[in-house]
Amino acid sequence: MLKQFKELLNTAKHNPKLGGLEIFKYIGPGLLVTVGFIDPGNWASNLAAGAEFGYSLLWMVTLSTIMLIVLQHNVAHLGIASGLCLSEAASEYLKPRYAKGILYSAMLASISTSLAEILGGAIALQMLFNIPIRTGSILILIFVVIMLFTNTYRVIEKWIIAFVSIIGLSFIYELSLVEIDWNTALPAWVTPAFPEGSMVVIMSVLGAVVMPHNLFLHSEVIQSRQWNIQDDKIIKKQLRYEYADTILSMVIGWAINSAMILLAAAAFFRTGTPVTELEQANSLLAPLLGNNASVIFAVALLFAGISSTITSGMAAGSIFAGIYKEPYDIKDSHSRLGVLTSLILAFALIMVVSNPFQGLIYSQMALSVQLPITIFTQVYLTSSSKVMGKYKNSTYTKWLLYVIGGIVTLLNVMLLISFL
C-alpha cells in the first residue's frame, strides 16, 4: 500500500505553486469600485448618521452593501460573459438614440462624481495645510491627471489598493482612541431602525453607496484579467474569482463605512454634538481625541479624495469610449477625452461654487437623477440572451435586480425631493 502511494505521488501532475493563491491574481478590480463608496460624499453621510443617531443606522450600511454586491456582481458578469463593458454593450445593443441619451447622461453623472471627489481632496488639503479650496482643487486635478496618463491600469490598481489600506488603517487607529458600545453596535448592523428625523440621512447613506459610475467602471476593469471568452471553463473560473473579489472588496468598503459611523457615534453622539460638514468633524476631533486623530482623519480623507477622483476619471473614460463602441484605453483619444471632460468640467464647476458643502450635496442630487437609468439599462442588457447568451440572468436574478433597482430608485428620488 505504501509503495502504491509513493508511485502515485511520483506520477501525479504537480503544480509548483499553491493553487489556492491563484485567487490573488484576480483581486483588484473590486477594490477600485470600493473607493467609489468610501468617497467624500460617504464621509459626510456617515458622519452625520453617527453624530445624530448614534449606532442605530449601521443597518443601512449593511443593506446598502448587500444591494451593491448584487448589482456590482451582475455588471461584472456582463463584462466577463460578453467581453463588453456596460457602455459598449449599450452602444452595441440599444438603438442609437437611446444609447447616446443614456451614455451622455452617465457622462453628466461622472462630472458630478468627479466634482465631489476633487472637492473632498481639496477639503483635506485645507485641513492639513490651510490651502484654499480652489488651489487645492488644482493640485488634486494635476496629480490625478498625471496618475491616469502616465500609469498603466495594473499600476494604478496597486496604488488604489495602497490608498484603501491607508484609509482602513487610519480608521482602525481612530477607533482605538474611542470607547465603542459594542453591545449596542453589534445588533444595530442587522436591526432596521428609523429614529425620528432620520429618513434624509438614511437615504443619503444609500445614495452615497450605490453610484452609477461604479457600475460602468466595474464592467470595464474586470476585463483587465485576460481570458478566452470562447472557453466556458475559463469564463466560469473568471466568474467564480470575480465573485470572491467583489465580496471581499465590498466587505472592506462596508467595514470602512461602518467605522465612520462608529467613530462619529462614539465621539460626537455621546456628547450631543451634531456634525454637518467634514471640516467641522476634523476640528472637533482634536479636542476630543487629540491632534493626531485630527491629522489622521484629514490624511485618510485626502487619500479617499485622490483615489476616488482617479476611479471617477477612469469611469468617465470608459463611458465616453463606449459611445464609440471602444474599450477604455488611456492611450486612445476617446478615452483621454472622456477623462479630461469629466475632470476639467468638474474643476470648472468648483471654481464657481461658493459653498463646498453645498457642492457635495448638489453633486449627489445629480447622481440620484441618473442612477435609475443606469441600473435598469444594466438589468435589461444582462437579462438579454442576445447580449449574454447562456449566461443571461435567470428569472429569479432578473426580478431580484428589478426589485433592488426599484428600492434604490425610490430612495434616491426621496433623497432628491428632500433637498428641493
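Analyst: Before we start, a residue is called buried when its relative accessible area is under 20%, and exposed when that area is over 50%, with partly exposed in between. Please keep in mind that this is a predicted model.

User: Is phenylalanine 163 buried or exposed?

Analyst: The relative accessible area of phenylalanine 163 comes to 4%. Because the limit for this class is under 20%, phenylalanine 163 counts as buried.

User: What is the geometry of the ring pair of phenylalanine 163 and phenylalanine 303?

Analyst: The pair links distant parts of the chain, with phenylalanine 163 in helix H8 and phenylalanine 303 in helix H14, 140 residues apart. The ring centres of phenylalanine 163 and phenylalanine 303 lie 5.1 Å apart and their planes are at 40 degrees. Since planes under 30 degrees apart count as stacked and those over 60 as edge-to-face, the pair of phenylalanine 163 and phenylalanine 303 is tilted.

User: How do tryptophan 189 and tryptophan 254 stand in accessibility, buried or partly exposed?

Analyst: These two residues form an aromatic pair that is tilted, with 5.4 Å from centre to centre and 45 degrees between the planes. Tryptophan 189 is in the loop between helix H9 and helix H10, whereas tryptophan 254 is in helix H12, 65 residues apart. With a relative accessible area of 13%, tryptophan 189 is buried, while tryptophan 254, at 25% relative accessibility, is partly exposed.

User: At what angle do helix H6 and helix H15 pack, and which class does that give?

Analyst: Helix H6 covers residues 96–129 and helix H15 residues 333–352, and their axes are 8 Å apart. The angle is about 55 degrees, and because 65 to 115 degrees would be roughly perpendicular and under 35 roughly parallel, H6 is oblique to H15.

User: How many residues of the contact of H6 with H15 are nonpolar, polar and charged?

Analyst: The crossing of H6 and H15 is right-handed. On the H6 side the contact includes Met107, Ile111 and Leu115, and on the H15 side Gly338, Thr341 and Phe347 are among the residues involved. The residues of this contact divide into 11 nonpolar, 5 polar and no charged.

How values were computed: Residues numbered from 1 in each chain as written. Predicted model: local features only at pLDDT ≥ 70, side-chain atom pairs only at ≥ 80, totals over all residues. Heavy atoms only, no water. Axes fitted to C-alpha atoms, helices over the stretch in contact; angles between N-to-C directions. Helix = DSSP H or I, 4+ residues; strand = E, 2+ residues; numbered from the N terminus. Parallel < 35°, antiparallel > 145°, perpendicular 65-115°, else oblique. Left-handed = near helix turned anticlockwise from the far one by under 90°. Contact = heavy atoms within 4.5 Å. Nonpolar A, V, L, I, M, F, W, Y, C, P; charged D, E, K, R; others polar. Phe/Tyr/Trp six-rings, centres within 6.5 Å; stacked < 30°, edge-to-face > 60°. Buried < 20%, exposed > 50% of the residue type's maximum accessible area, 1.4 Å probe, protein only.
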